[in-house]
Amino acid sequence: MASTADFRNGLTILFNGDIWTIVEFQHVKPGKGGAFVRTKLKNLKTGKVVDNTFRAGEKIDVARVERRTFQYLYQDANERTFMDQETFEQIAIADELLGDGVDFLKEGMDVDVLLHAELPIGVELPNFVELVVTETDPGLRGDTATGGTKPAKLETGAVVQVPLFINEGDKLRVDTRTYTYMERAK
């Protein structure tokens, strides 16, 4: 058991029968009435973010979440198969648990799998991945000055907006958190 005094960003708690992580919190001490803590909580299973207020000193259950490195192997129907790097044990995780990041999974990629009571509850991709452009409109000479963008389909099927000078076959560095193009990879 912990209390609201133990809150910190990234802490995982059991709340309303689910596992949540604290995205942000703020202790508030109004002039009238008791102190309280405003929080933004993110559900680790669904990815939903909600605001919640706790009374100061309120007891909460801390969830023990373990992060282990797994390698992405392949896709089957509505689930993906991953292999533990240490034990070589394979697990299948439903696409719903993977969230939006599923578009950036590439075979052989290392990811962190979040486990609670030995059951997978989510996957954290690396912040940046390098992927090859498989489909985009051709770039034209002089396009670098306009600052425009165009859609580009990557080797994993994800579509991101890229500058006009990017061509098919270019290797890009993409931010998986925001779905944005960062730079050409070397």
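The following dialogue explains how to read several features of this predicted model.

Q: What kind of model is this, and how are its residues numbered?
A: This is a predicted model, in which local features need pLDDT of at least 70 and side-chain atom pairs count only at pLDDT 80 or more, while totals for chains, interfaces and linings use all residues. Residues are numbered from 1 along each chain as its sequence is written, and side-chain values use heavy atoms, with hydrogens and water left out.

Q: How many cavities of 30 Å³ or more does the structure hold?
A: Rolling a probe the size of a water molecule over the atoms shows where empty space is left. A cavity is a set of points, on a 1 Å grid over the protein atoms alone, where a 1.4 Å probe fits but cannot get out. Grid points are joined across faces, edges and corners, and a volume is the space filled by probe spheres set on the points. The structure holds one cavity of 30 Å³ or more, and about 40 Å³ of space lies in the largest cavity.

Q: Which residues line the largest cavity?
A: Lining residues have an atom within 4 Å of a point. Here they are L98, G101, V102, L105, V123 and L125. The lining comprises five nonpolar residues, one polar and no charged. In this division Ala, Val, Leu, Ile, Met, Phe, Trp, Tyr, Cys and Pro count as nonpolar, Asp, Glu, Lys and Arg as charged, and the others, Gly among them, as polar.

Q: How many residues does the largest nonpolar core have?
A: In soluble globular proteins, nonpolar side chains tend to be buried together. A nonpolar core is a set of buried Ala, Val, Leu, Ile, Met, Phe, Trp, Tyr and Cys residues joined through side-chain atoms within 4.5 Å. Buried means under 20% relative accessible area, exposed over 50%, and partly exposed in between (1.4 Å probe, protein chains only). The largest core has 27 residues, and those with the most contacts inside it include F82, F104, L105 and V111. Among the elements that give two or more residues to this core are β7 (66-76), β10 (110-116) and β12 (128-136). Strands are DSSP runs (E, at least two residues), as are helices (H or I, at least four), numbered from the N terminus. A second, separate core of 11 residues includes L11, V37, F54 and I60.

Q: What does V111 touch?
A: Contact means heavy atoms within 4.5 Å. Not counting residues up to four places away in sequence, V111 touches R68, T69, F70, F82, L105, V123, E124, L125 and P126.

Q: Which residues form salt bridges with R68?
A: Side chains of opposite charge can pair when their charged atoms come close. A salt bridge is a side-chain nitrogen of Lys or Arg within 4 Å of a carboxyl oxygen of Asp or Glu. The whole structure has 10 salt bridges. R68 forms one with E66, with the closest N and O atoms 3.2 Å apart, and one with D84, where that distance is 2.9 Å. The pair of R68 in strand β7 and D84 in strand β8 (residues 79-84) links distant parts of the chain, 16 residues apart. Both R68 and D84 are buried, whereas E66 is partly exposed at 36%.

Q: Is I19 buried or exposed?
A: I19, in strand β3 (residues 18-28), is buried, with a relative accessible area of 3%. The residues that I19 touches include I13, L44, V65 and I121.

Definitions and conventions
On a 1 Å grid over the protein atoms alone, a cavity is a set of points where a 1.4 Å probe fits but cannot get out, and a pocket is an open set with protein on both sides within 12 Å along at least five of seven lines; lining residues have an atom within 4 Å of a point.
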